[in-house]
Amino acid sequence: TRSTMVRAMAVFTALFALVASASAFSSSGSSFTAHSTPVSFAAPRSTRTAAREVSMRARFCDLTGKRPNRQAMAVTFSHKRNKKVQAVNLQKKKLWWPEGDRYVTLRISTKGLRTVEKYGIDKAAKKYGLDLASF
């Protein structure tokens, strides 16, 4: 039929264009010559960044282990549903640890802070199984 012939002609034209463009970059019979040495596109390594390791920590509470809710939906007026992330309310706090006789810096949620205020840092850490000596 006519539609089959049109489709076959389109495929033939596409193949011919592909072969023609591939032969234009071949080294035989062309003014284009390939480089004998490979070209590197990688950025040079900096000695400053190699000496200091930068790591991105995940956004979760050090005490309670709360993580962002990635299952949430934002519902519009027209009732369209779009995915959204409900982040944890994290605070970076330096808390006094009397048993260790030093400060510990924690990335802690506000619920975790309330737990620390209620029970104390040592009891709260034991409740959630946290080793404060590693902080």
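Colleague: Which strand is Ser109 found in?

Modeller: Ser109 belongs to strand β4, residues 102-109, where strands are DSSP runs of E with at least two residues, helices are runs of H or I with at least four, and both are numbered from the N terminus. This is a predicted model, in which local features need pLDDT of at least 70 and side-chain atom pairs count only at pLDDT 80 or more, while totals for chains, interfaces and linings use all residues. Residues are numbered from 1 along each chain as its sequence is written, and side-chain values use heavy atoms, with hydrogens and water left out.

Colleague: Is Ser109 buried or exposed?

Modeller: Ser109 is buried, at 2% relative accessible area; buried means under 20%, exposed over 50% and partly exposed in between, with a 1.4 Å probe and protein chains only.

Colleague: And what does Ser109 touch?

Modeller: Leaving out residues up to four places away in sequence, Ser109 touches Cys61, Thr64, Lys66, Val88, Asn89 and Leu90, a contact being heavy atoms within 4.5 Å.

Colleague: Switching topic, how many salt bridges does the structure hold?

Modeller: There are 2 salt bridges, each defined as a side-chain nitrogen of Lys or Arg within 4 Å of a carboxyl oxygen of Asp or Glu. Arg57 pairs with Asp62, with the closest N and O atoms 2.6 Å apart, and Lys126 meets Asp122 at 3.4 Å, N to O.

Colleague: How far apart are Lys126 and Asp122 in helix α4?

Modeller: They are 4 residues apart in helix α4, so about one helical turn separates Lys126 and Asp122. Lys126 is exposed at 63% relative accessibility, whereas Asp122 is buried at 18%.
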